[in-house]
Structure formats: C-alpha cells, structure tokens
Amino acid sequence: MSRIGKKPISIPSGVTISVDSDNLVTAKGSKGTLTQKIDPDMGISIEEGVLTVTRPSEQKRHKALHGLYRSLLSNLVVGVSEGYKKELELVGVGYKATNNGNIIDMSLGYSHNIYLVVPSEISVATRMEKGKNPIITLEGIDKQLIGLVSAKIKSLRKSEPYKGKGIKFVGEVIRRKAGKTAGKK
C-alpha cells in the first residue's frame, strides 16, 4: 500500500469538494476555486469531512497514480483554504527587482533589464530594502503554477557555487566551492 496514497485528506471548514461523473474534482474555498482531473481508475470518497483516494488493484501503474492523485488533491485543499507563497532572493551587486502589476522588471547583471509577465492568478510583490537583498514574493492558490513561475525566475540567473550570486529561494542554502587559490597548499 502506498504510504502517501493511503493518508486521508481532512477537509477544513469553509471548503467544499465535489466530484463530477468524469472524475473531475472541484474544490471551492475562501481563496478561490481549483479543479483537478483524476484518472477514471482511481476511486474518490468523501465521508465526514475526510477525502480518501483508493486504487482498484496492485498494478504498478495504479500504485504510482494512487500517491500522485492524493498529493494533487491535498494541494487543491490547502490552496483554496490557505494559499501558497514563495519568496525568491536576488543575491548580487546591483541586482534589482521591481514590479508594475504582474510584470516583473529585473536587473540581473546583464546588459539589459529582463521583463517577465506573471500569470494573473498569481499576485507579485517586490521588496527592496537598503543593505538587504531584493526579494520577489509570489502568492496564489495553485501550487503547480507558483512552482513553475518561480523556477522560470530562478533560471534567469542560476546561483553559482563560488560567490553565491544569483536567484535563490529565501532560506535556501547554496553549497559553496573553494576557489582555485585554495588548492595551492
């Protein structure tokens, strides 16, 4: 039995979940509405504020889908009730970030500024304080979309291991390497 798949998902108050005949799960909460299409083989049951996902057999495919869909449904419930937030930090001399609505203007050490249009489902905020690194904050209800956008922003200037410059998550530890002078002893 899948350890992740067999965990029940508790539905908080204020969140309603409905299952369509096509196995389309819709979650509505205070933050918004999300939908997720589920494989027709998987079984979904809602009883007494608890959502469970069951699989029909012990096939390798069904075992893989069991944990996957349980995680996706859990992300839906958390997204519509609490939401998700990611913070990215720009580490480097002269790195800047500002936003105008959902357009982020970043100065990342290239000869030009980079403009990135963020989907309207995500709210963007930038913070620049004197003496601290600029921070980009992404908030929304869709975990997959926030992860996709933050990965795109990180790919614009990857963190390098020698000086630690680049874009990283707040709290992420970059594994540092010694420079070439360290090897001459």
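In which strand is the place of Asn100? Select Asn100 and you land in strand β8, which covers residues 96-100. Bear in mind as you go that you're looking at a predicted model. Asn100 is exposed, with a relative accessible area of 65%.

Ile103 belongs to strand β9, residues 103-107. Its relative accessibility is 39%, so Ile103 counts as partly exposed, since that label covers values between 20% and 50%.

Time to zoom out. The protein chain has two helices and 13 strands. Its radius of gyration is 21 Å, well over the 16 Å that the globule rule gives for 185 residues, so the chain is more spread out than a compact globule. Along the principal axes, the C-alpha atoms fill a box of roughly 60 × 45 × 25 Å. Of the 185 residues, 37% are buried.

Nine salt bridges turn up across the whole structure. Start with Arg127 and Glu87, whose side chains meet in one of them at 4.0 Å, N to O. Arg127 lies in strand β11 (residues 123-127) and Glu87 in strand β7 (residues 84-91), so this pair ties together parts that are 40 residues apart in sequence. Arg127 is partly exposed at 36% relative accessible area, and Glu87 is partly exposed at 24%.

Stay on Arg127 and select Glu129 too: their side chains also meet in a salt bridge, 3.6 Å from N to O. Glu129 is partly exposed, at 40%.

Then jump to Lys154 and Glu172, a salt bridge with its closest N and O atoms 3.1 Å apart. Lys154 sits in helix α2 and Glu172 in the segment after β13, so the pair links parts 18 residues apart in sequence.

Two last stops. Select Arg157 and Tyr110: the charged end of Arg157 sits over the ring of Tyr110, 4.2 Å from its centre. Finally, find Gly164 in the loop between α2 (143-156) and β13 (166-169). Is Gly164 buried or exposed? Gly164 is buried, with a relative accessible area of 9%.

Notes: Residues numbered from 1 in each chain as written. Predicted model: local features only at pLDDT ≥ 70, side-chain atom pairs only at ≥ 80, totals over all residues. Heavy atoms only, no water. Helix = DSSP H or I, 4+ residues; strand = E, 2+ residues; numbered from the N terminus. Buried < 20%, exposed > 50% of the residue type's maximum accessible area, 1.4 Å probe, protein only. Lys NZ or Arg CZ within 6 Å of the ring centre and 35° of its normal. Rg over C-alpha atoms; globule rule 2.2 N^0.38 Å.
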